[in-house]
Amino acid sequence: MDTERPDPRKATAAPSTDLPPQDASDQDVASKDLALASPDLDPATSGVEDEDEARLPDLPDDAAEPIAEGPLAVGHAAIENAVRLAPTSPGVYRMLNTANDVLYVGKAKNVRKRLSSYARVNAPLPARILRMIAATVSVEIISTSTETEALLLEANLIKQLRPRFNVQLRDDKSFPYILISGDHWAPQILKHRGAQSRPGRYFGPFASAGAVNRTITALQRAFLMRSCTDSFFESRTRPCLLYQIRRCAGPCTREIDFPGYTELVREATDFLSGRSQAVKQQLAAEMQNASAELEFETAALYRDRLAALSAIQSQQGINPRTVEEADVFAIHQDGGYSCVEVFFFRTGQNWGNRAYFPRAEKSFTPEEVLSSFLAQFYDDKPPPKLILLSHAIEESDLLADALSVKAGFKVEVAVPKRGEKKELVAHALTNAREALGRKLADTATQGRLLQGLATLLALPQPPRRIEVYDNSHIQGTNAVGAMIVAGPDGFIKNQYRKFNIKSEGLTPGDDYAMMQEVLQRRFKRLLTAAEAGKETDKEPGKAGTDEDIVPQWPDLVIIDGGRGQLNAAREILDPLGLQQITLLAVAKGPDRDAGRETLFMPGREAIKLEPRDPVLYFIQRLRDEAHRFVIGSHRKLRKKDIREAGLQEIPGIGPSRKRALLMHFGTLKEIERASIGDLGKVPGVSAESARKIFEFFHTRSE
């Protein structure tokens, strides 16, 4: 049976006479403001996800580690002992130092033969390998059934153990997908990370959360699909604001019927599946028909939907004609650093790109870095059918076999020589070269600013790790503290931390006490970790040599505030024996004017810098980033508190049941209206609890 076409006048909000047209940027701003200000939007779908910024790794200093004959002989002896017991079958080996830390993870088709190559005393080996042998005191071996299994195990162990002498994939996180749910009569479109366990169609991976959010926003304008959660959907008695701004068809209140919404979902699925041209032609035909029948408002709605689809495709950049599904990898090296640029193509569409800066010693060739990078990259990600590379790697066939076994279908790994595929790789290589150039330039600028900061504050060397602290509250409620981290490569967002203020004896609004609690919790934790031997390579006041190890001691602590906040911080750090940590307080200028800040340090006169001083601007950026992060954390806490406020006074109803009630009913008003029977259907709510909740609201209203 043919599916009924949706009526565009039902599938949108009020007529255009009541709602003037908005352009895309205006709608974005409006929707963000509404998401923050209005309870008429689903709060569960209005959050913004921060993107972690890729950063350059530390490069080991080869000259700083001379190779002594004694340790080298010890290392050779340890490896020779391992060779005697090593199997001649495939496997994975791990080299360990005196502290039992893993130095290197390797694989081999014949483990004994591979280890023998390290044991030869006069073999001409690179300095990196000689340093590794000199540090080795023991070798552990894991046998595998096949070389393919050894490759997969090696990649997994490198990601887990982060051995010093391996290439390390850094800044690794799961990629976001677009999900069109399949467990509701009115499917929801949403961003999804993690296991694909919910029924529905998944489209991705996308290179970033920002790319997914932009695509979903445009798809909402084009196909008017809902993005709210099921609980919010079921609780609606009137359309929400997304309906009013023409980004939802309003299926929650039956503004569009089931066949009409199903057709919108089919069009969206077709578009994401690569049949975009057919969808656009169909909408264009509907627009022409409406115009011919003088239904100009309807024609304008189709026109706006077509414009939204064109906006998506314009953001995608190049879309290949002959490549349906592929990942493209290109590597560029400069200044001792490597950049791997990855492009994702699915259903013939470009779903974004991302630059990675893997940690690798200068002696690694591009082919060696790329080979190790690929195995780690696909350790926890599904591979496509085609992987295109800028450089030929030694074990491309083995990698293809391993990924084919993992994926359940044939995966091809190739270096294209001609045609469109070669053009895609060349485009990725250009992006890798430019990304590394930008990152090196940014790092050089950051280095000059850190040097200027060190000179200003009389530090012995430029700080490698700066921690900035701030707190936020409204008259003492929902108090939260935050720490942001910066270093030679800029902000390190995956090391940001927030602290919910827990002390019960605090005077509401006591900023000094809040800051003291945050600092005490942070540095007591660092001291506990150091005493437990987790940070044997670090001392208070010294940053670690490897920024991937968390926690680390800061070189400089910056506090938002004046002399009072500085003294309060000193009262916490001094009893802990941390007098050597450099403290800096940044007080706002008169009338809170930026550029007129005063800097305070223990035992020094107040410091005033010229408004245009680059170092002052750098300090402002650090403080403002801490302020942004803590304000965002406070708003999330306050939003949650507002949603649960009406349930706080019910005896015997804890946080878990409150969340379950809100997830089930959507709003406090719907909980108030619910019968005892409906309340008892909520997971975790017993018959007795349902009676208490019902009596609480109805007795109170009487």
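pLDDT is the predictor's confidence in each residue, on a scale from 0 to 100. This structure is a predicted model, in which local features need pLDDT of at least 70 and side-chain atom pairs count only at pLDDT 80 or more, while totals for chains, interfaces and linings use all residues. Residues are numbered from 1 along each chain as its sequence is written, and side-chain values use heavy atoms, with hydrogens and water left out.

## Confidence

The protein chain averages a pLDDT of 79. A score of at least 70 is reached by 80% of the residues. Helices (H or I, at least four residues) and strands (E, at least two) are DSSP runs, numbered from the N terminus. Confidence is lowest in helix α1 (residues 24–37), with a mean of 39. Strand β10 (residues 386–389) has the highest, at 94. Over residues 1–39 the pLDDT is below 50. Contact means heavy atoms within 4.5 Å.

## The chain as a whole

The secondary structure comes to 21 helices and 19 strands. Buried means under 20% relative accessible area, exposed means over 50%, and partly exposed lies in between (1.4 Å probe, protein chains only). Of the 702 residues in the protein chain, 51% are buried. Take the contacts between residues at least 6 apart in sequence: 66% of them join residues at least 24 apart.

## The largest nonpolar core

In soluble globular proteins, nonpolar side chains tend to be buried together. A nonpolar core is a set of buried Ala, Val, Leu, Ile, Met, Phe, Trp, Tyr and Cys residues joined through side-chain atoms within 4.5 Å. The largest one here has 35 residues. Which of its members touch the most other members? They are Ile178, Ile180, Phe223, Met225 and Tyr261. The elements that give two or more residues to this core are strand β4 (177–181) and the helices α6 (209–223), α7 (230–234), α9 (258–272), α10 (276–292) and α11 (296–315).

## Two packed helices

Two packed helices are described by the angle between their axes and the distance between the axes. Axes are lines fitted to C-alpha atoms, for helices over the stretch in contact, and angles run from 0 to 180 degrees between N-to-C directions. Helix α5 (residues 147–161) packs with helix α13 (residues 396–407) at an angle of about 80°. Their axes are 9 Å apart. That makes α5 roughly perpendicular to α13, a label for angles of 65 to 115 degrees. From α5, the contact uses Glu147, Thr148, Leu151 and Leu152. From α13, it uses Leu398, Leu399, Asp401, Ala402 and Val405. By class, the contact has 6 nonpolar, 1 polar and 2 charged residues. Here Ala, Val, Leu, Ile, Met, Phe, Trp, Tyr, Cys and Pro count as nonpolar, Asp, Glu, Lys and Arg as charged, and the others, Gly among them, as polar.

## Residues to look up

Valine 518 sits in helix α15 (residues 511–531). It is buried, with a relative accessible area of 2%. Leaving out residues up to four places away in sequence, valine 518 touches Tyr469, Gly481, Phe499 and Ile501. Glutamine 565 belongs to helix α16 (residues 563–573). It is buried too, at 15% relative accessible area. Beyond neighbours within four places in sequence, glutamine 565 contacts Tyr512, Ile559 and Asp560.

Next come loop residues. Serine 174 lies in the loop between α5 and β4. Its relative accessible area is 35%, so it is partly exposed. Serine 174 touches Arg193 and Gly194, not counting residues up to four places away in sequence. Glutamate 255 is in the loop between α8 and α9. At 26% relative accessibility, glutamate 255 counts as partly exposed.

Some of these residues have a C-alpha to C-alpha separation on record here.

| Pair | Apart in sequence | C-alpha to C-alpha |
|---|---|---|
| Valine 518 and isoleucine 501 | 17 residues | 7.5 Å |
| Serine 174 and phenylalanine 206 | 32 residues | 10.0 Å |
| Glutamate 255 and tyrosine 243 | 12 residues | 9.3 Å |

## Positive phi

Most residues other than glycine have a negative phi. Asparagine 100 has a positive phi, near 70°. It lies in the loop between β1 (91–96) and β2 (102–108). Is asparagine 100 buried or exposed? At 52% relative accessibility, asparagine 100 counts as exposed. Arginine 246 has a positive phi near 65°. Its place is in the loop between α8 (241–244) and α9. Arginine 246 counts as buried, at 12% relative accessibility.

Terms used:
Angles under 35 degrees count as roughly parallel, over 145 as roughly antiparallel, 65 to 115 as roughly perpendicular and the rest as oblique.
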